[in-house]
Amino acid sequence: MRLRPGALLPALCLGAAVPLLWYAAWQRSRGNELDMYQSQFLELRQRLLYAEKENKKRSHELSSALDEIKHVVAKRMNLTNHTDDTKWKMLNLTRKLPMHLTNMYYYLPHLREYEDAIFPDIIFGRQRTGVSLVMGIPTVKREKQDYLINTLHSLLYELSEEQKNDCVIIIFVAEVNAQYVNRVAESVKTSFPTEIQSGVLEVISPPASYYPDLSNLKKTLGDSEDRVRWRTKQNLDYSFLMLYAQPKGTFYLQLEDDIIAKPGYIQSIKDFAAKQSQEWMILEFSQLGFIGKLFKSEDLPLIVDFFLMFYKDKPIDWLMDHLLWVKVCNPEKDADKDFGQNVLHKAHNNPPAKVDTSLRIYQQYTLEKVYKGKDWFWASAPVAGDYISFTFLNPLKVEKYFFRSGNMEHPGDKLFNTTVEVLPADEMLRKELVDNGGKFNYPATKDGYLKIGAFENGIAEGSVDQSIGKIQAIRLLVNSDSPVWAIISEVLIKASEN
């Protein structure tokens, strides 16, 4: 089951914890596609169950490997130096791999020629193990500002010595340019010398030979070639980091390099996890993509196996959704009933309007369809300045509005940092708004719109001040780049009767 606790990371979290019931409601009333999807998922579920069984049977191999790691590392006191001796391949473990690592050779066959490529270059680290919480932070080279150091300050701020001794933060520099990797490592060491020395911080990077050829990937989901290459590499990065982190602690928390943690986040996470039954696979502490996801370390080999099966096909958050549906839900129970229901979008009788968007629409999921209640709207990841607009054929007074982003099949595809704006039909009023902000208590834009609301937890709703008069258009404006795609599953615009 997937559970979501209260907000622990900045403006990214849901309110109350809710069980993952919606995955049992996979909705596809599309004729013959039903049997096909059902059959595929049942087959996939059996494969995963078998893989899990095999992993458990061979778990003692992992323990043996860890014992050898500890034995060798205990004899080495200079692991924080930039030397070839710090590489895991020097531990001569390649012939004693746990079973879940040998699976990688099947999904990434090029590794058969580079067997040491699944072991990271350890730039800084004390090889700490036996902790309660392991946090993984992948970071890549950014064109503009880098947020890694601020993120680390946020995570380490006000941690007690006891908490620092019971966690590990792994910075995974997912680049193969040695100069850049070393520059990031030195920056971390300079900013956090004590934490590096104590072992609470580790910096690792992948060997260049870990990555397969990413130049001829099949374009899917309407993504560009660059986007497909980026998300494919990201799937490989997450998999590498998770496998490295797996033997180090009880829980693994997936983070990113541009988050701000709230005070007391570690204790809050531990308290929330302790309250749950053992029948959970992921706890969510953020809505965004793959950020703030907590796993039991014992589940990571199975999860990585799944990611590597389909690393070229879909983004990481989609793969996680599919895995949860296969692993947690019971498709063999009441499958026809579940598939027959239609809860992926909700229809309303909206006033006649011309719809428009700057977003890149995915396949048949158009904005017009969601406005008319025929389907949901789906588009690739929004960037700052993107918009969705509804221009009424006849100006009207609007009583209230309601917009829902995301749906049960893709709950993470929501709108974030997006405002709701209205354009008054009165041209004189619009000119006044542009000139001096007008008489209303709403911020005005340079093109005469009034900002009357915003999306929170994927939903924007509210009433419209009737003194604004008739409305010409309603616009949803994206104010920052989003890491996930966007779905709008419900649009309600209710005209005033007066």
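Strands β6 (residues 249-254) and β8 (residues 293-296) pair in the antiparallel sense over 4 bridges. Two strands count as paired if DSSP finds at least two bridges between them. Helices (H or I, at least four residues) and strands (E, at least two) are DSSP runs, numbered from the N terminus. The model is predicted: local features need pLDDT of at least 70, side-chain atom pairs count only at pLDDT 80 or more, and totals for chains, interfaces and linings use all residues. Residues are numbered from 1 along each chain as its sequence is written, and side-chain values use heavy atoms, with hydrogens and water left out.

Stay with β8. Y252 stands opposite F295 of this strand. Strand β7 (residues 282-284) also pairs with β8, antiparallel, over 2 bridges. There L283 has L294 as its bridge partner. In a regular strand the side chains alternate between the two faces of the sheet. In β8, K293 and F295 point one way, L294 and K296 the other, and all are buried. Buried means under 20% relative accessible area, exposed over 50%, and partly exposed in between (1.4 Å probe, protein chains only). The charged end of K296 sits over the ring of W280, 5.0 Å from its centre. The criterion here is NZ of Lys or CZ of Arg within 6 Å of the ring centre and within 35 degrees of the ring normal. R475 does likewise, with its charged end over the ring of Y449 at 3.7 Å from the centre.

In soluble globular proteins, nonpolar side chains tend to be buried together.

Now follow α9. S239 lies in this helix. S239 counts as buried, at 0% relative accessibility. Not counting residues up to four places away in sequence, S239 touches Y210, V304, F307 and L308. Contact means heavy atoms within 4.5 Å.

Where does P206 lie? P206 is in the loop between β5 (201-205) and α9. Its relative accessible area is 3%, so P206 is buried. Leaving aside neighbours within four places in sequence, P206 is in contact with F172, V173, A174, E175, V176, Y211 and F240. P206 and A174 are 32 residues apart in sequence, yet 6.5 Å apart in space, C-alpha to C-alpha.

Rings of Phe, Tyr and Trp (its six-membered ring) pair if their centres lie within 6.5 Å; planes under 30 degrees apart count as stacked, over 60 as edge-to-face and the rest as tilted. By this rule the count comes to 19 aromatic pairs. F172 and F240 are stacked, 5.3 Å centre to centre with 15 degrees between the planes. This pair links distant parts of the chain, F172 in strand β4 and F240 in helix α9, 68 residues apart. Both F172 and F240 are buried. Y362 and W378 pair edge-to-face instead, at 5.0 Å centre to centre and 90 degrees between the planes. Y362 lies in the loop between β9 and α14 and W378 in strand β10 (residues 377-379), so this pair ties together parts 16 residues apart in sequence. Ring pairs link W318, Y362, Y365, W376, W378 and W485 into a cluster.

The loop between β9 (353-357) and α14 (367-371) also holds Q363. Q363 has phi near 50 degrees, a positive value in a residue other than glycine. Q363 counts as exposed, at 54% relative accessibility.

The remaining strands build up sheet structure. An open sheet of 5 strands runs in the order β9-β11-β16-β13-β14, with antiparallel pairing. Its edge strands are β9 and β14, each pairing on one side only. Within it, β11 (residues 387-396) and β16 (residues 471-478) pair over 6 bridges. T391 has A473 of β16 as its bridge partner. Elsewhere, 7 bridges join β12 (residues 398-405) to the antiparallel β17 (residues 486-495). There F402 stands opposite L492.
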